[in-house]
Amino acid sequence: MLFDVIDRVNFNLSKAIFDYYVLKDGLYARINDDGVEFFIFKNNKKETKKQLLFKDLDGNTRADEYEWFVSRDYLSGYLNSNKAIDPPKKKIHCNNYLALFVKTSEFTSENKEHFTLKLFDNLKTFESFTKKEEKEVLKQYKEYIFNEERQKDVEKKKELFLKYFDEIVSVIEENEIKNYIKIFFNEPIEKYEKESEIYYALKIYNKIDTIREIEGKIYGLSDFNMGLNQKKPYLEHKTRGFPLPFMVEKDKIFEVKKLFDYLKNLKEPLKYEPTATAPGIYLHKHNENDQAVIDDFDILVFVEDSLPRKFEYKNYIGLTSDGRAIENRGITTFEGLFKLIDEVFYNSNLRNNLYGDVYSKLPHDFQNLIYLTRDLAKNILKRDIDSLFGYLRFGMDFIIYNIRQNRLFKAGEILNLILSIKAYKGENVDIKGTLAKIEEKVKNLEELNSDEWHILSGQVIKYLLDKSKKSDKKADMIEPFLRAGKTKKLKDEIEALYFKYKHEIPLNYTKLNNAIVLIMAKEENEKVNKEKLLIGLLSENIFYRKDEK
């Protein structure tokens, strides 16, 4: 999976990481042979050009220096606190002797010996790495580590560090730095790359005891998007002598790290179009403990984001806002279709709840609807048009939920979307024509079929409820009709409603009187068709047309 993505990367991954990379707030020091330069970075989330926030001690912007520190900061950070180079204290947050990252509260004379011992003396020979697997890794770097020039350089850096230690402490105190002090030695980026490579080779795998040397190359279990410990024994292979689920060669695992560092800063899912030689890819992730975690990965079927044909979101039920009918909309892309679904079904709450736990402060019933249906939306983003039709199974649940929340207009929008999906599927949807046919049958007292009966019942219910004199009409007035399981019970509720408000209805209002007759004439006691009933409730009402007496 990961190498499918890596193989598709057609840009400089390191540069892309640096472009997104943001320094942590704190004091930055660059030690030269003849002195120390100091800079302060304080992140302002409103400022998009972070280099403009990098300043010297006099407050002058030093954007020209920002990239120098970013590249070395990225290379020098440790993977996490469990993989610090100075256990068990874990005060040092960097990975090589060319840099020191530490919280300012820890940068004290009491810790000076700890820093020199763990950062310089230890990394001069890597003497503290004594496990068999660690020695196998270090064996590949032995010639480089014990090179005379490197050995002298480590000692030189230690002397410079001790020489300028007190000055750095003073600058921290004078500028009241409360977070990090990050110290760098003025060396080429290639030197940082080589030193950090040794650390990564030792620490980048899930656990050091997963490392194996095979034909002169180091392999191990990736720690990215993977965990293998006592809590996850199901990931092991129990039926073979080698239990690890898979292994990755050292040079390849560095590529994987870069990919995850790049993914961490992405705001949108990663997509690659299919080509003649490679599959299309969809990848979605979230961040956890400042690391990217892949939630979803799939192979894209369709080459383009365009829908097979335009999706028409139509106002089938005659929904109006401020006296004006809601306009139809044409959707041509899968992304556009997803946005429409998010807006109408989920009130734009879906994108931020597409993966992981749904936001706990949303109503419980709405949370359940998101959990039940969000896989359909994910598949639409992956260009699976058939997933759209899955919403037909849940559409009434969304409508009833919004009615119970006293949001009849939103319920009407959802009904329009459900009917639009039906039309896209190829079903005949003609609410306006159906209402006209029902109106004609009411006029002539002609027998109704089951669908027409339910739609007419919804129309009558809505008209009668509108006769209520309550100043604050609540949607719970509709609840008794939604709870009716059989048509006999629904007839009883309609009859009770009619007698409650009959004093508000003119005696010569033939259309309504005929409608009541047709509703009460139904003999079959069948299951209530809630979809048709809701179409009648939410659609333009025939009893408000101009021929009303």
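**Entry 1: Contacts and overall make-up**

I began with contacts, taken as heavy atoms within 4.5 Å. Among contacts in the chain with a separation of 6 or more, 66% are made by residues 24 or more positions apart. I note that the model is predicted, that local features need pLDDT of at least 70, that side-chain atom pairs count only at pLDDT 80 or more, and that totals for chains, interfaces and linings use all residues. Residues are numbered from 1 along each chain as its sequence is written, and side-chain values use heavy atoms, with hydrogens and water left out.

I counted 19 helices and 15 strands in the chain; these are DSSP runs numbered from the N terminus, with H or I and at least four residues for helices, and E and at least two for strands. The chain has 549 residues, of which 50% count as buried. Here buried means under 20% relative accessible area, exposed over 50%, and partly exposed in between, with a 1.4 Å probe and protein chains only. I recorded an accessible surface of about 28,300 Å² for the chain, 47% of it belonging to carbon and sulfur atoms; the areas come from the Shrake-Rupley method with a 1.4 Å probe, and for residues only the protein chains shown count as cover.

**Entry 2: Aromatic pairs**

I found 36 aromatic pairs in the structure. Rings of Phe, Tyr and Trp (its six-membered ring) pair if their centres lie within 6.5 Å; planes under 30 degrees apart count as stacked, over 60 as edge-to-face and the rest as tilted.

I looked up F39 and F69, which form an edge-to-face pair at 5.4 Å centre to centre with 65° between the planes. The pair links distant parts of the chain, with F39 in strand β2 (residues 35-41) and F69 in helix α3 (residues 63-76), 30 residues apart. F39 is buried at a relative accessible area of 1%, and F69 is buried at 0%.

I then took F345 and Y391, a stacked pair with 4.9 Å between centres and 10° between the planes. This pair also links distant parts of the chain: F345 lies in helix α10 (residues 334-346) and Y391 in the loop between α11 (364-381) and α12 (395-404), 46 residues apart. Both F345 and Y391 are buried.

I also noted a cluster in which ring pairs link Y28, F39, F41, F54, Y66, W68, F69, F101 and F184.

**Entry 3: A lysine over two rings**

I checked K182 next. Its charged end sits over the ring of F101, 4.5 Å from the centre, and over the ring of Y180, 5.6 Å from the centre. The criterion is NZ of Lys or CZ of Arg within 6 Å of the ring centre and within 35 degrees of the ring normal.

**Entry 4: Helix α17**

Helix α17 (residues 487-501) has 15 residues and reaches 21 Å from first to last C-alpha, close to the 21 Å expected at 1.5 Å a residue, where the expected span is 1.5 Å times one less than the number of residues. Its buried residues are T487, L490, K491, E493, I494, L497, Y498 and Y501. Seen down the axis of α17, these buried residues fall within an arc of 165°, so they line one face of the helix; the arc is that of the directions from the helix axis to the C-beta atoms. The buried residues pack against α15 (450-465), α16 (479-483), α18 (510-520) and α19 (530-538).

I located E452 in helix α15, where E452 is buried at a relative accessible area of 4%. Leaving aside residues up to four places away in sequence, E452 touches K437, I438, K441 and E447.

I located E197 in helix α8 (residues 189-203), partly exposed at 22% relative accessibility. The C-alpha atoms of E197 and L75 are separated by 8.7 Å, although the two residues are 122 apart along the chain.

**Entry 5: Backbone geometry**

Most residues other than glycine have a negative phi, and most peptide bonds are trans. I therefore listed the following cases.- P87 and P88 are joined by a cis peptide bond, with omega about 5°; P88 lies in the loop between α3 and β4 (99-103).
- F126, not a glycine, has a positive phi of about 55°; F126 is in the loop between α4 (112-125) and α5 (132-139) and is buried at 5% relative accessibility.
- N347, not a glycine, has a positive phi of about 55°; N347 is in the loop between α10 and α11 and is partly exposed, with a relative accessible area of 48%.
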